[in-house]
Amino acid sequence: AVFDEIAKITKEGIGPVYLEKIHEQLRREHEVNLKENSWWLNSLEEAYYYGDDFKIVTDVDAIAKRATSENIKASAKRFFDPGKYVLGVMKPKAAKPAP
């Protein structure tokens, strides 16, 4: 099911309804983050460390505008190669017989 969804995104991108949900989630998360000292500290620290402009890094509207169906489609093609993945299978230990 996961591989089918990834294949669909790499071919078609995502729909406008889902894209709007992403934009809304970014805005809500940003509103919450603005009230957290740890977010401010981390954002300032990262901007200083990487030499980025703090105003640009924290501009949620500009970030949301970059989240387009075409950009997500291109990212899915770049990062999700169906021939390269790791399949992990968890197997429980065998139960010990009761004494």
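Ser-69 is part of helix α6 (helices are DSSP runs of H or I, at least four residues, numbered from the N terminus). The model is predicted: local features need pLDDT of at least 70 and side-chain atom pairs count only at pLDDT 80 or more, while totals for chains, interfaces and linings use all residues. Residues are numbered from 1 along each chain as its sequence is written, and side-chain values use heavy atoms, with hydrogens and water left out.

With a relative accessible area of 17%, Ser-69 is buried (under 20%; exposed is over 50% and partly exposed in between, with a 1.4 Å probe and protein chains only). Apart from neighbours within four places in sequence, Ser-69 is in contact with Glu-12, Gly-13, Ile-14 and Leu-19 (heavy atoms within 4.5 Å).

Helix α6 spans residues 69–79, and Ser-69, Lys-73 and Ala-76 are buried in it. Seen down the axis of α6, these buried residues fall within an arc of 65°, so they line one face of the helix (the arc is that of the directions from the helix axis to the C-beta atoms). An α-helix has 3.6 residues a turn, so residues three or four places apart point the same way.

Exposed Glu-70, Arg-78 and Phe-79 sit on the face turned away from the buried side of α6. The cover over the buried residues of α6 includes α1 (2–12) and α2 (16–33).

## Contact with α1

In α1, Ile-9, Thr-10, Lys-11 and Glu-12 meet Ser-69, Ile-72, Lys-73, Ala-76 and Lys-77 of α6.

How values were computed: Helix = DSSP H or I, 4+ residues; strand = E, 2+ residues; numbered from the N terminus.
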